[in-house]
Amino acid sequence: MAAASPSNPKANYHIRSISLPSKPHPLFQQCEDYLLRIIESSDATSSSSSAISNKLSGLLDLHNCVNDLFQLPLTQEAFVRERNEKWVDELLDSSLRLLDVCTAAKDALIHTKECAREIQSTMRRRRGGQTGFTNEVKKYFASRKVVKKAICKALLTLKSCEKKSMPSFSSSNKDTVAVALVSVLREVEAVSLTVFESLLSFISGSKAQSKMRGWSFVSKLMLNKRVACDEEKSEINEFADIDAALSCLVGQETSKSDNISCSDNVQSDLQQLESCSQDLEEGLECLFRRLIKNRVSLLNTLSN
């Protein structure tokens, strides 16, 4: 598979062409349809928060379908027959990996949003003057540094997941339903990890930050903000925008009028970041609950 790249999540997890074996129930086809929709959205160039929110929504639909699949008597019977097979253990490990990376993304969003709110509060109340604002910005960047470090660790974990993902079917009795299950669940994991990696890279602002070299670029970015807003919306990254805007406001010697203009831009960016974070967080929370329910459902089936 291709080498990993934060700006190109698809390079990490090459999504296989969906060609499942004989489908013992229509729900297998439904899962396949959801997989294809997510793959098609991943082929699009847009990396905006709305595009990622749509992918999370599609992922939730997919895992809801997986849950429906787990409830089928024929599926549960296959799990019971195959409970001692290696692929069942690997499926349980896979469910934990998805929960771990989902948790990492949720934590990154929450930490960033909380610090952004503190800056908003300071700017509204003018507490502590410029010194108070600068201190809050320093706290924000310290938190972002922690967040980005955690994201880097999560991305490295995702790379290792490529080697740990469910292998080709190796059941000793070649159960037809089990063959179909393994095939679809392999694709579900691969697609899920790809979407999570895209989300983590977006939160880190890595794509935008890779283009920033020094304060002069940040200043130019702020001066040309109106022009940038006219560009294609698919390139907007609210996390990278606020990082750049705060750096400009705190790190530059500006006139009073320029400072007011930058301050207005920062407040606007903070509001957009909060809205974006809230949408992503809600999508992740729904997905996290579904992943837990799917794992519990699987464990209950295997324990019967």
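**The contact between α4 and α7**

Tutor: On the α4 side, Leu74, Thr75, Ala78, Phe79 and Arg81 make the contact, and their partners in α7 are Val177, Ala178 and Leu181. Sorted by class, this contact comprises 6 nonpolar residues, 1 polar residue and 1 charged residue. Helix α4 covers residues 73-81 and helix α7 covers residues 176-204; their axes come within 9 Å and cross at roughly 95 degrees. An angle from 65 to 115 degrees counts as roughly perpendicular, and α4 and α7 are therefore roughly perpendicular to each other.

Of contacts between residues at least 6 apart in sequence, 83% join residues at least 24 apart. Among the 304 residues, 49% count as buried. The chain exposes about 14,900 Å², and carbon and sulfur atoms supply 52% of that area.

The mean pLDDT of the chain is 77, with 71% of the residues scoring at least 70. Confidence is highest in helix α3 (residues 49-71), at a mean of 94, and lowest in helix α9 (residues 215-223), at 32. Residues 208-234 have a pLDDT below 50, and this stretch has 29 contacts in the model beyond near neighbours in sequence. Over residues 1-20 the pLDDT stays under 50 as well, with 50 contacts beyond four places in sequence. Where pLDDT is low, the predicted coordinates should not be read in detail.

Notes: Residues numbered from 1 in each chain as written. Predicted model: local features only at pLDDT ≥ 70, side-chain atom pairs only at ≥ 80, totals over all residues. Heavy atoms only, no water. Buried < 20%, exposed > 50% of the residue type's maximum accessible area, 1.4 Å probe, protein only. Contact = heavy atoms within 4.5 Å. Areas by Shrake-Rupley, 256 points an atom, 1.4 Å probe, with all protein chains shown as cover. Axes fitted to C-alpha atoms, helices over the stretch in contact; angles between N-to-C directions. Helix = DSSP H or I, 4+ residues; strand = E, 2+ residues; numbered from the N terminus. Parallel < 35°, antiparallel > 145°, perpendicular 65-115°, else oblique. Nonpolar A, V, L, I, M, F, W, Y, C, P; charged D, E, K, R; others polar. pLDDT = per-residue confidence, 0-100.
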